[in-house]
Amino acid sequence: MCRYMLVVLMLAFPVLPAAAKDLKVIATIKPLYSLVASVMGDKGNLDLMVKGGLDPHIYRLKPSNIRQIHNSDVVFYIDPDMETFLKRIFKRNYGSFMAVPMAQQKDINLMPYRTSKVWYKDVVDDDETHSEGENDLHVWLDPANARRMVQVIEEVLSYHDPYNRLTYIENAQKTIARLYAMEEEIREKLRPLREKPMIVYHDAFQYFERAFGLKSVGAILLRADQNPSAKHLKVLKKIARERNVTCVLGTPGAHPRIATVVMSGTKAGFGVVDPLGVYLDTEPDLYFKMMREMTQSILDCQNKSDIFEDMNKLD
């Protein structure tokens, strides 16, 4: 039966006999895959579930995914309100895999979504709810959360494969040390931007913002499945001018044309940040490359006002 439980419950059981085991592990999204791969090293088999540029919010399970889960030992994922496609699997009896929801682990810092009208449409129809629930579940964008996730990953792997426990512990310690170093590096690079407000396309970056002292003042898309209204864009345009917004951050696929409406009359730039590492190679270093690329995009965004000027000429 699927053991849908927190790691703290798992650790209450006696340690399994020390015997080498070829673990079959699944991670749902690329940033999580990267952290798991960093701890596993060359032990066991690790597969990524949501591949390519697919969005985990709207991903649909394939029969091959169900077989993959059924044959696995461990499934690492963020939360059933992030990877909603897993909910029906966990309601059924599919083998003996252990499901580990990272956002529900002890000492993971959770923040609620920002709910003012510049962040989210707070008056919705009766059948409309926020697709990701009450809490913002982009928890991996806070390096402190990433370090805690690495600890959890090590504990789970060591429980299932005690024969290689020392390898997992060593790899986890090295990964945590790299995360500390990366966090300090990024903090120093972004320090000059702490008093420079930004506007984002979608409210998916507050963990990154809080970790590095950044400040955004609104989102263009109030709901992922709806275009912004003219009224909302007018409000954001006023905010952008009054607060001297310096950057609007889009996600992969976002077109800067909508941003020109909001940013006209300002010196803000436009940048693209990828919180899922969509276009990065699936490898242990992906998390570190993703965070550094996000940092560089934010820095470059401060000097891109010419993009808006060029696009305005097209109108």
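**Briefing on a predicted protein model**

N244 is placed in the loop between α8 (230–242) and β10 (247–250), where helices (H or I, at least four residues) and strands (E, at least two) are DSSP runs numbered from the N terminus. The model is a predicted one, in which local features need pLDDT of at least 70, side-chain atom pairs count only at pLDDT 80 or more, and totals for chains, interfaces and linings use all residues. Residues are numbered from 1 along each chain as its sequence is written, and side-chain values use heavy atoms, with hydrogens and water left out.

**The chain as a whole**

- The protein chain contains 11 helices and 11 strands.
- Of the 315 residues in the protein chain, 53% are buried; buried means under 20% relative accessible area, exposed over 50%, and partly exposed in between, with a 1.4 Å probe and protein chains only.
- Of the contacts in the protein chain between residues at least 6 apart in sequence, 70% join residues at least 24 apart, a contact being heavy atoms within 4.5 Å.
- The protein chain has an accessible surface of about 15100 Å², and carbon and sulfur atoms account for 51% of this area, by the Shrake-Rupley method with a 1.4 Å probe.

**Cavities**

- Two cavities of 30 Å³ or more are counted; a cavity is a set of points on a 1 Å grid over the protein atoms alone where a 1.4 Å probe fits but cannot get out, and its lining residues have an atom within 4 Å of a point.
- The largest cavity has a volume of about 60 Å³, volume being the space filled by probe spheres set on the points, which are joined across faces, edges and corners.
- The lining of the largest cavity is formed by I29, K30, V50, G52, L54, P56, L276 and V278.
- By class, this lining of the largest cavity holds six nonpolar residues, one polar and one charged; Ala, Val, Leu, Ile, Met, Phe, Trp, Tyr, Cys and Pro count as nonpolar, Asp, Glu, Lys and Arg as charged, and the others, Gly among them, as polar.
- Around the second largest cavity stand M198, V200, F205, F208, E209, L214, L249, V273, M294 and I298.
- At least two residues of that lining come from each of β8 (198–200), α7 (206–212) and α10 (286–301).
- The lining of the second largest cavity comprises nine nonpolar residues, no polar ones and one charged.

**Helix α9 and V262**

- The buried residues of helix α9 (residues 256–263) include P256, A259, T260, V262 and M263.
- Viewed down the axis of α9, its buried residues fall within an arc of 165°, so they line one face of the helix; the arc is taken from the directions from the helix axis to the C-beta atoms.
- An α-helix has 3.6 residues a turn, so residues three or four places apart point the same way.
- Within helix α9, V262 has a relative accessible area of 0% and is therefore buried.
- Apart from neighbours within four places in sequence, V262 is in contact with I199, I220, L233, L236, K237 and A240.
- The C-alpha atoms of V262 and K234 are 7.1 Å apart, although the two residues are 28 apart in sequence.

**Strand β6 and M111**

- M111 belongs to strand β6 and, at 7% relative accessibility, counts as buried.
- With neighbours within four places in sequence set aside, M111 is in contact with N135, D136, Q206, Y207 and R210.
- M111 and L137 lie 26 residues apart along the chain, and 8.0 Å separates their C-alpha atoms.

**Helix α6 and E170**

- E170 is part of helix α6 (residues 165–190), and its relative accessibility of 41% makes it partly exposed.
- In sequence E170 and V39 are 131 residues apart, while their C-alpha atoms are 8.2 Å apart in space.

**Positive phi in residues other than glycine**

- D107 has a positive phi near 75° and is not a glycine.
- The loop between β5 (98–101) and β6 (111–112) contains D107, which is exposed at a relative accessible area of 58%.
- N244, also not a glycine, has a positive phi of about 55°.
- The relative accessibility of N244 is 57%, and N244 counts as exposed.

Definitions and conventions:
1 Å grid on protein atoms, 1.4 Å probe; cavity = no way out; pocket = protein on both sides within 12 Å on 5 of 7 lines; lining within 4 Å.
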